[in-house]
Amino acid sequence: MKTQKKLFSTALVLVLAAGMVLTGCKKQEEAAEDKGLVGVVMPTRSEERWNKDGAAVQAGLEALGYAVDLQFSDDDIPTQVRQIEDLITKGAKCLVIASIDGVALSDVLAQAATAKIPVIAYDRLIMKSPNVDYYLSFDNYAVGQQMGDILIQGMNLDSPAKTPLIIELFGGSPDDNNAYKFYDGAMDRLKPYIDSGVLKIGSGQQGMDVVGTLRWSNEAAMARMENLLSAYYTNQTLDGILSPYDPISLSTLEACKAVGYGTPDKPLPVVGGQDCIVASCKSILAGEQYATVLKDTRVLGEATVQLVDTILQGNVPAGLDTTSYPNDSTRNGAAYIVPSVLLKSVIVTKDNLKQEVVDTGYLTADEVGL
Ligand code: BGC
């Protein structure tokens, strides 16, 4: 099943890549046309990735001749709702939305449906509304498995230096559907090692209701890490941290350094992450954060551009995944599974950072300090 899914994503990327080549040829002639307004709403400007996402989607759509209204919602739900309402009023022909809270948009999406505006959930699935026409993201469960694989590799769990090795778990925001996929995917990989006694959760804290981090706040994660270190680590040493997000990785590492980790006798715990932000790349190259998961925002942006264009040209997108993402709503009396495009992510360590991040142009050598 998983292999099939992988093949599916690979095939899809190829289809999209073929689309990109065609797009390139047509760009100039189409740029002159005005194909109408597309509303793009990103959750916040304050995280590196959403700025890149917004810029990639905007540039791609404008190159095809669409006008783009790009909004950032300051991680504030009423602001996001208001921005979507404004875009509907302005006559947007399609809405691309990365939600803040996956269940908070039902009313405004009902307005979009009444106005016959197709809605694409961007990266984060919008839940409990049938008025989400497509979902474009990475294979989030697979991303979570990669987060687990990072610890398996970095902590050498298949041939451990001692047992048990001690970890703590951090999850993403409980109002973001992705956070559950990441956590479940990671635990799918780590559970066998916990069951066999190779890994032990030092505090015993697990489950998204306990280890989740509202709004992905690195400050909240740092405070929790500080509390864990003082409550559970006077007589044991922390060997690894499951982190779903680079700023959480960096802040938990800071908390560890503050209590003496980072010396030859007491090395920093092995920490992964997600998003491949500049600061984490620097930390990886400096031998501190062990790894991250790169989800190339350019690829997601281009896939979005292709999907928007396909829909607005009156064509039906082909080859979508129609089994993976139910969103707790019903369409035509049946449980609704949102047709999805699921892309592939890459684990980045010190060993392949140059090749995967710099040589591909995702970040420059100057940015990461190479
Ligand atoms: C995204 C991640 C991002 C996180 C915090 C998730 O929904 O998939 O890439 O790190 O939100 O913004």
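How far is an oxygen atom of the ligand from an N or O atom in the side chain of Glu 47? I looked this up before anything else, keeping in mind that the model is predicted, and I noted a separation of 2.4 Å between the ligand oxygen and the side-chain atom of Glu 47.

For Asp 176, I found an N or O atom of the side chain at 2.5 Å from an oxygen atom of the ligand, and for Trp 50 I wrote down 3.0 Å between a polar side-chain atom and a ligand oxygen. On its own the ligand has 310 Å² of accessible area, and I recorded that the protein covers 100% of this.

Next I checked where the ligand is placed, and found that it sits in the largest cavity. The elements that contribute two or more residues to its shell are α2 (48–63) and α6 (177–195). I counted 13 residues around the ligand, the closest being Glu 47, Arg 49, Asp 123, Asp 176 and Asp 275, and by class the shell divides into seven charged, four nonpolar and two polar residues.

Why does the ligand lie between domain 1 and domain 2? I noted that domain 1 (31–132 + 297–343) and domain 2 (140–295 + 364–368) both give residues to the shell, so the ligand lies between them.

Last, I turned to the backbone, remembering that most residues other than glycine have a negative phi and that most peptide bonds are trans. I found a cis peptide bond from Thr 163 to Pro 164, with omega near -10 degrees, and I located Pro 164 in the loop between α5 (140–154) and β6 (165–169). For Asp 74 I noted a positive phi, near 55 degrees, and this residue lies in the loop between β2 (67–72) and α3 (77–89).

How values were computed
Residues numbered from 1 in each chain as written. Predicted model: local features only at pLDDT ≥ 70, side-chain atom pairs only at ≥ 80, totals over all residues. Heavy atoms only, no water. Near = heavy atom within 4 Å. Polar contact = N/O pair within 3.5 Å; in protein donor to acceptor, adjacent residues only side chain to side chain. Areas by Shrake-Rupley, 256 points an atom, 1.4 Å probe, with all protein chains shown as cover. 1 Å grid on protein atoms, 1.4 Å probe; cavity = no way out; pocket = protein on both sides within 12 Å on 5 of 7 lines; lining within 4 Å. Sits in = over half its atoms within 2 Å of the grid points. Helix = DSSP H or I, 4+ residues; strand = E, 2+ residues; numbered from the N terminus. Nonpolar A, V, L, I, M, F, W, Y, C, P; charged D, E, K, R; others polar. Domains from an automatic or database assignment.
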